[in-house]
Amino acid sequence: MSDQVLNLLKSEIPPDEYKKYINALHFDENNSTSDHIVFTAPNKLLVGWIQTKYANKIADIYESLTGQKPTVTIEHKLFTPPVKKSGTTPPKNPQPGPSTILNSSYTFENFIVGTSNQLAFGAAQSTAINPGQQYNPLFIYGGSGLGKTHLIQAIGNYAINHGATVIYTTSEQFLNDFLYNLRNHTMERFRKKYRQCDFLLIDDIQFLSNKEQTQEEFFHTFNELHRLHKQIVLTSDKPPKKIAGFEERLTTRFEWGLMADVQPPGLETKISIIKKKCELDNIHLDDDVINYIAAHMEDNIREIESAIIILNAHASMLSKKITIDFATEVMKDLIKERTVNITLDDIIRVIARELNIKPSDIKSKKRAQPIVEARRIGIYLAKTLTPENKMKDLAEFFGLKDHTAVSHAMRKINELLQNDENFKVKVEELKSKITSTKMNSGESM
Ligand code: ADP
Ligand code: MG
């Protein structure tokens, strides 16, 4: 039924909207009843957007099919593969065969390199160019949304374009394929397929955890490919030693080649990634909006991408220009406003640490240029992050004569913010450090 409903929805909305939003939905069978239908989407941005824009439409379609209009809610749930009850029960609808369909935009050219991912990027590139040599296997690990799938598929795209035979599969697909062939007594076919490729790329290998039989089979596949100097690339959310439920003979093999991690991107890298995505999706965002997104969204690039798409969709629906105010308004629920309980001392502490200036100097009357600048940034952030403090409180705290001195400092800093893009980024970065330090210390919320 839910498939039928979504198919009908498909005929009612533009295909690219369907692709961007509705494809991300999963029907939540366990929590749905005939008068209350639940779908899940993998990120909060999509949840809000789909709820406002499509939930009612979906309910109408149900009504047209059943005569009864249910409520439809969209909930946030990260997509995790269905848990198999037993390692040997074949899935009901096996999808035999690995997917070799690669996302054509996941290329090395479209990947932004920063200190957070340069090791993984370099290793991926040399693996694609010189397979089966230095880095075999290449094991890429790191948090969600940091570019692992992009990199492993970039290897695949490169290799295919250079005439190699590539199998790209997720570990769930590998598992399904294995069980399917096992049940149909066609293991020979399975083995031939996985052992005769130039590249075996398995994404999210951690999902083979506790699947002993599949691990056993993979162990032999691995050995055979390795013996033939065929390239193996694996990704995972953790380094090999830390993945639970894996046989040791496998995790030691994962460490034979090169292990490369992807770290959360720094602010500069985030900004470059956002610019790249805008370029690829043909979306225009002003620099101040880009900086705002980079400084306020967390590190998951997938979520940042949805934020951009949703921002753009809102703007075009309302025929509005994406100004910083518009972006703040649209994104306010998505970005945790982290201004709770921040004190003037928190601000000084972070600025002092980051700019390498003594807290007492910031609050002093010293006129050395770096100190004056740190003081002005402090005043500006105090004004932004602690709105409860009046001008005279700030004057007192920062050792200034009176509130006019605070106004003067604010004027100076606003001038700089308007004219100096680098300075603005620096201030945004400090702001996000102050708020995240506070969040991580667990004092707020
Ligand atoms: P992971 O597999 O680590 O969860 P993905 O590879 O799926 O993450 O990345 C999520 C999204 O973010 C993808 O659309 C990917 O293109 C993009 N992305 C992540 N890192 C980068 C980067 N350094 N440059 C460009 N795009 C990136
Ligand atoms: Mg991935």
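Guide: Of the protein's 445 residues, 48% count as buried, where buried means under 20% relative accessible area, exposed means over 50% and partly exposed is in between (1.4 Å probe, protein chains only). This is a predicted model, so local features need pLDDT of at least 70 and side-chain atom pairs count only at pLDDT 80 or more, while totals for chains, interfaces and linings use all residues. Residues are numbered from 1 along each chain as its sequence is written, chains are lettered from A and ligands numbered from 1 in the order in which they are written, and side-chain values use heavy atoms, with hydrogens and water left out.

The C-alpha atoms fill a box of roughly 85 × 65 × 40 Å along the principal axes. Inside it sit 19 helices and eight strands; these are DSSP runs numbered from the N terminus, with helices being H or I of at least four residues and strands E of at least two. An automatic or database assignment gives domain 1 (2–76), domain 2 (118–262), domain 3 (267–330) and domain 4 (344–440).

Now for your helix pair. Helix α16 (residues 369–385) packs against helix α18 (residues 403–419) at about 95°, and their axes are 9 Å apart. The axes are lines fitted to C-alpha atoms over the stretch in contact, with angles running from 0 to 180 degrees between N-to-C directions. That makes α16 roughly perpendicular to α18, since the label covers 65 to 115 degrees; under 35 is roughly parallel, over 145 roughly antiparallel and the rest oblique.

Who touches whom? On the α16 side you have R376, I377, I379, Y380 and K383, and they meet V406, H408, A409, M410, K412, I413, N414 and L417 of α18. Contact here means heavy atoms within 4.5 Å. Sorted by class, this contact has eight nonpolar, two polar and three charged residues. For the sorting, Ala, Val, Leu, Ile, Met, Phe, Trp, Tyr, Cys and Pro are nonpolar, Asp, Glu, Lys and Arg are charged, and the others, Gly among them, are polar.

Elsewhere, helix α11 (residues 287–296) is mostly covered, with eight of its ten residues buried. Among them are V289, Y292 and H296. Back at the whole-chain level, 73% of the contacts with a separation of 6 or more are between residues 24 or more positions apart.
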